[in-house]
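Hi,

Here is the structure I said I would pass on. Have a look at it first, and then read my notes below.

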Amino acid sequence: IVGVLYAEICATILYYFSNIIAKADIKLLAESDEQEVVREVHEYYADYLAINPHLFSLGINACSEGLTWDPVHLYRTAQGITSVLLSLKKCPYIRYQNSSGMAKRLAEKIREVLSKESNSFEFRQESNPILLIVDRRDDPVTPLLNQWTYQAMVHELLTINNNRVNLSHVKGISKELKEVVLSAEHDDFYTS
């Protein structure tokens, strides 16, 4: 979450945070800055990977232990979704699948962050969107569907990770094709 930029040979330090930083943490940072070298602290809400305009990833592969959240992954998921909401400047109504304990826990955690950081979520909106949290374990149809987009087929067959496809396991592949970057910005076919 923390990025530091040293300028003028450590005479000035600028801190950039990729999500919400608690006021207590800012106070601790200010108290610890005895030489008064920290000049600016910025919050840029980008604590997620934007794969394309309608899809983002938090980079979490397995988030549960049985039918309950792993606490670290619950916190990370709530923070990531909060970052997306702040970068889109949306303060949604939260709805979740009532039959899922995991969906309920995530909704509660996001609601807790929204209420604690209510000042950050004061946007001019024509209408409030809905954040819908569903549990894919209760979805009997999706596993039966075939993926019909190029991106979905490549991901299903080869796995896309951070817009990259690792082909190093293919025998006889040339060095430049061991890892291929797939991006909608540079490949019109990829968006289809």
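Before the notes, one term: a pocket here is an open set of grid points where a 1.4 Å probe fits, with protein on both sides within 12 Å along at least five of seven lines. Please also keep in mind that this is a predicted model.

With that in hand, the largest pocket holds about 1,800 Å³ of space. Its lining has 44 residues, and the closest to the pocket's centre are Leu55, Phe56, Ser57, Leu58 and Arg136. Sorted by type, the lining comes to 25 nonpolar, 15 polar and 4 charged residues. Several elements supply at least two residues each: β4 (49-52), β5 (55-57), α2, α3, β9, α4 (150-158) and β10 (160-161). Helix α2 gives the largest share of the lining, with 5 residues.

Now the overall picture. The chain has 4 helices and 12 strands. Of its 192 residues, 28% are buried. If you take contacts between residues at least 6 apart in sequence, 59% of them join residues at least 24 apart. The chain exposes about 13,800 Å², and carbon and sulfur atoms supply 54% of that.

On to the inside. In soluble globular proteins, nonpolar side chains tend to be buried together. In this model, the largest nonpolar core has 18 residues, and the members that touch the most others are Ile94, Leu106, Ile110 and Ile133. Two or more residues of this core come from each of α2 (71-88), α3 (101-116) and β9 (130-133). Helix α3 provides the largest share, 7 residues.

Is His42 buried, partly exposed or exposed? Its relative accessibility is 24%, so His42 counts as partly exposed; the cut-off for buried is under 20%. Asn19 is 23 residues away from His42 along the chain, and the C-alpha atoms of the two are separated by 9.5 Å.

That's what I have so far. Happy browsing!

Methods: Residues are numbered from 1 along each chain as its sequence is written. This is a predicted model: local features need pLDDT of at least 70, side-chain atom pairs count only at pLDDT 80 or more; totals for chains, interfaces and linings use all residues. Side-chain values use heavy atoms; hydrogens and water are left out. A nonpolar core is a set of buried Ala, Val, Leu, Ile, Met, Phe, Trp, Tyr and Cys residues joined through side-chain atoms within 4.5 Å. Buried means under 20% relative accessible area, exposed over 50%, partly exposed in between (1.4 Å probe, protein chains only). Contact means heavy atoms within 4.5 Å. Accessible areas come from the Shrake-Rupley method with a 1.4 Å probe; for residues, only the protein chains shown count as cover. On a 1 Å grid over the protein atoms alone, a cavity is a set of points where a 1.4 Å probe fits but cannot get out, and a pocket is an open set with protein on both sides within 12 Å along at least five of seven lines; lining residues have an atom within 4 Å of a point. Grid points are joined across faces, edges and corners, and a volume is the space filled by probe spheres set on the points. Ala, Val, Leu, Ile, Met, Phe, Trp, Tyr, Cys and Pro count as nonpolar, Asp, Glu, Lys and Arg as charged, and the others, Gly among them, as polar.
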